[in-house]
Amino acid sequence: MRLTNLVQAIDLHAAGEHGRVIVGGVLDVPGKTMFEKMQYFQTHRDDLRLRMLREPRGYPAANCNLILPPTDPRADAGFIIMEQTEYVPMSGTNIICTATALLETGMLPMREPYTDIVLEAPAGLVPVRAHCANGKVTGVTFTNVPAFAVHLDTPVEVPQLGTVNVDVAWGGMFYFIAQAAQFGLKISPDEGKDIARIGEMIKAAVREQLPVAHPDNPAIQNVTIGILSAPATTPDADLKNAAIVSTNLFDWQNPATWTGALDRSPCGTGTCAQMAVLYAKGKLKLHQAFRHAGILDTVFTGKLIQATRVGSYHAVVPTITGTAWLTGMATYGVDPDDPFPNGFTIGDIWGAV
């Protein structure tokens, strides 16, 4: 066999969102924290992210997680989250996929009816309770890092769209949240292309007009993801949303680069950001269940369990519950003669390249 750079991975989806978990073949890297390890991969080993997420091994909505030894002795495992244009500090669907992969493959011991573990994300420690039955993780509840609203009902000027009112909040990533009704949208799969383009246009404006940084880690800056929100269309949800993830690094001066893909799930950190906004507006109470649907009408259930502070911000501690399913196991590698060792993108589905 001629393949090199072999890595072993588990493929899963959480409520529809793809999440690949690398479980073998990649050595640990320098870093005193998981955030520093993430920065090392970003600077020195970005070939792994490109290879796993671009074609022919990936696609625009794909995500990848790398299991690493934890740097904090309180954690059972560490992991780094890789997305199409960035390394993110935290992701709900990815932690649900990672916890499920660790337990269903036996990398961490499973106990029924539930298993409590702690995972170390770049954003910090994340306690996880996995509900387990007959060798399957039937649900994952994680306690996220504190979430907080930064801007509420704030106007931004967006070329071609005009004045758009947005909220900006941290839920593990910085999000803008805008009402889909402003654009005549209801959040349905047939609207996917319009949702993605409008979301990227708004995000470009928000990044320019509403800069933000995390008070505890100034290296985490600016809105990198957005949500269009709408009334629920099924009785088992309270609100519905579509989260828009960039597929290319956009250029404010070049609208052709404003392209993205939709999170297929209800979006875990986005749900945390949404709950922080609702709490700040007096529309969601502590310990009140919040059922958030995604574009496929799958649902994550969130809850705010504690009020706290992050820097000068009033914050809340959220939990999210969701489920992931294994879809496959594979060994990936690179043929020495492959002309695309780090993959490729083409504008038909990736946007401007």
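Analyst: In this predicted model, the structure holds 15 salt bridges. Side chains of opposite charge can pair when their charged atoms come close.

One of these pairs is formed by Asp 11 and Arg 20, whose closest N and O atoms are 2.8 Å apart. Both Asp 11 and Arg 20 are buried.

Asp 72 and Arg 74 form another salt bridge, again with 2.8 Å between the closest N and O atoms. Here the partners are placed in contrasting ways. Asp 72 has a relative accessible area of 16% and is therefore buried, because buried means under 20%. Arg 74 reaches 61% relative accessibility, so Arg 74 counts as exposed, the limit for this class being over 50%.

A further salt bridge joins the side chains of Lys 281 and Asp 167, at 3.1 Å from N to O. This pair links distant parts of the chain, 114 residues apart. Lys 281 belongs to the loop between helix H5 (268-280) and strand E17 (290-293), whereas Asp 167 lies in strand E10 (residues 162-170). With a relative accessible area of 29%, Lys 281 is partly exposed, because this value falls between the limits for buried and exposed. Asp 167, at 4% relative accessibility, counts as buried.

Salt bridges can also share partners: in this way Arg 2, Asp 335 and Asp 337 are joined into one network.

Methods:
Residues numbered from 1 in each chain as written. Predicted model: local features only at pLDDT ≥ 70, side-chain atom pairs only at ≥ 80, totals over all residues. Heavy atoms only, no water. Salt bridge = Lys/Arg side-chain N within 4 Å of Asp/Glu carboxyl O. Buried < 20%, exposed > 50% of the residue type's maximum accessible area, 1.4 Å probe, protein only. Helix = DSSP H or I, 4+ residues; strand = E, 2+ residues; numbered from the N terminus.
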